[in-house]
Amino acid sequence: MNLYYYNGPVLEFEKIIADHWSASTRAPTEKKARSNLAYQFKMETGRMPRSKITIPGKLKIVEGGQI
C-alpha cells in the first residue's frame, strides 16, 4: 500500500469549506485514498456521513512511507 498525502482545499457539495487542509492515509489506489481522506475530514469536522466531501487537489505519493 502507498502512503498518500494531501494538502489543499476541501469541497462540500461543490462549495469550498476549507481553503487549506492536510492529511495522509495508506491505500492501495488513489481512488480509495480520496475516499479515506474524505472520511477523515468528515470525522474531524463532525459532518454527517452522507455529506458529499470532495478532495479536488492532487495527492502526493510519499516515498518510503514517511512525510
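Is Trp21 buried or exposed, and what is its relative accessible area? In this predicted model, Trp21 is buried, with a relative accessible area of 9%.

**Figure 1. Aromatic cluster of Tyr6, Trp21 and Phe41.** The structure contains two aromatic pairs. Tyr6, Trp21 and Phe41 together make up one aromatic cluster. Phe41 is buried, with a relative accessible area of 4%. Tyr6 is buried as well.

**Figure 2. The tilted pair of Tyr6 and Trp21.** A pair of aromatic rings is described by the distance of the centres and the angle of the planes. For Tyr6 and Trp21 these values are 6.5 Å centre to centre and 50 degrees between the planes. Tyr6 belongs to strand 1 (residues 2–12) and Trp21 to strand 2 (residues 15–27), so the pair ties together parts that are 15 residues apart in sequence.

**Figure 3. The edge-to-face pair of Trp21 and Phe41.** The ring centres of Trp21 and Phe41 are 5.1 Å apart and the planes stand at 85 degrees; planes over 60 degrees apart count as edge-to-face, so this pair is edge-to-face. Trp21 in strand 2 and Phe41 in helix 1 (residues 30–45) are 20 residues apart, and their pair links distant parts of the chain.

**Figure 4. Surroundings of Pro56.** Pro56 sits in the loop between strand 3 (53–54) and strand 4 (60–62). Pro56 is partly exposed, with a relative accessible area of 42%. Leaving aside residues up to four places away in sequence, Pro56 touches Tyr6, Pro9, Val10, Leu11 and Arg34. Pro56 and Gly8 are 48 residues apart in sequence, while their C-alpha to C-alpha separation in space is 8.0 Å.

Technical notes
Residues numbered from 1 in each chain as written. Predicted model: local features only at pLDDT ≥ 70, side-chain atom pairs only at ≥ 80, totals over all residues. Heavy atoms only, no water. Phe/Tyr/Trp six-rings, centres within 6.5 Å; stacked < 30°, edge-to-face > 60°. Helix = DSSP H or I, 4+ residues; strand = E, 2+ residues; numbered from the N terminus. Buried < 20%, exposed > 50% of the residue type's maximum accessible area, 1.4 Å probe, protein only. Contact = heavy atoms within 4.5 Å.
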